[in-house]
Amino acid sequence: MFVISGATKGVQQYVVGGFEVAEKIDALAAYNRFPENRLQLNAEGKVVGNVLVDSTGKQHPLDTHSPTNFASRIENYLVGVNPVALETPAEVARGRSETLDRLSSILEKRRANRVIDVMGRWARLDQVQIEKTLDWLQGIKQQSA
């Protein structure tokens, strides 16, 4: 599973990182198993966490997404292993500058100005494409170390 940064006007999206999916569980199981990932407000008042339910399995009050698709959003909480993430300012800057060219090359698509135009939503990569993407991300990490 690879993660693309959010879309912000005037800022290039990039591949933030990725992880191998070890298992899929539902959100209530995630609530019980990963209490540190429950939605909450941090010291600055920012919402953090990614478990979208409360202790009863209902939509958490801090989850501001529409309740119309809530049932489908809580079915598959992904538990990951072997993460790789671009974290330092230098890694992020390089990721931003290289993402469009790399994705275009890896996916064998014509280069575009936006990530969505290169890969669409819910793109599936084959094993070779996964390995190329991991090699690229790990190369960024190694060069900045």
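**Serine 104 and its surroundings**

Modeller: Apart from neighbours within four places in sequence, serine 104 is in contact with Lys109, Arg110, Arg111, Ala112 and Val118, where contact means heavy atoms within 4.5 Å. The model is predicted, so local features need pLDDT of at least 70 and side-chain atom pairs pLDDT 80 or more, whereas totals for chains, interfaces and linings use all residues. Residues are numbered from 1 along each chain as its sequence is written, and side-chain values use heavy atoms, leaving out hydrogens and water.

Serine 104 belongs to helix H3, residues 89-106; helices (H or I, at least four residues) and strands (E, at least two) are DSSP runs numbered from the N terminus. Serine 104 counts as buried because its relative accessibility is 6%, buried being under 20% relative accessible area with a 1.4 Å probe, protein chains only. A polar atom of its side chain lies 2.7 Å from the backbone oxygen of leucine 100.

Leaving aside neighbours within four places in sequence, valine 118 is in contact with Leu100, Leu103, Ser104, Leu107, Lys109, Arg110 and Ala112. The largest nonpolar core has 15 residues, and Leu103, Val118 and Leu137 have the most contacts inside it. Such a core is a set of buried Ala, Val, Leu, Ile, Met, Phe, Trp, Tyr and Cys residues joined through side-chain atoms within 4.5 Å. At least two residues of this core come from each of H3, H4 and H5. A second, separate core has 13 residues, among them Ile25, Ala30, Leu39 and Phe70. In soluble globular proteins, nonpolar side chains tend to be buried together.

As for the whole, the protein chain has 5 helices and 5 strands, running β-β-α-β-β-α-β-α-α-α from the N terminus on. Of its 145 residues, 29% are buried. Along its principal axes, the C-alpha trace spans about 45 × 35 × 30 Å. Among contacts in the chain with a separation of 6 or more, 51% join residues 24 or more positions apart.

Terms used:
Buried means under 20% relative accessible area, exposed over 50%, partly exposed in between (1.4 Å probe, protein chains only). A polar contact is a pair of N or O atoms within 3.5 Å; within protein, one must be able to donate a hydrogen and the other to accept it, and residues adjacent in sequence count only if both atoms are side-chain atoms.
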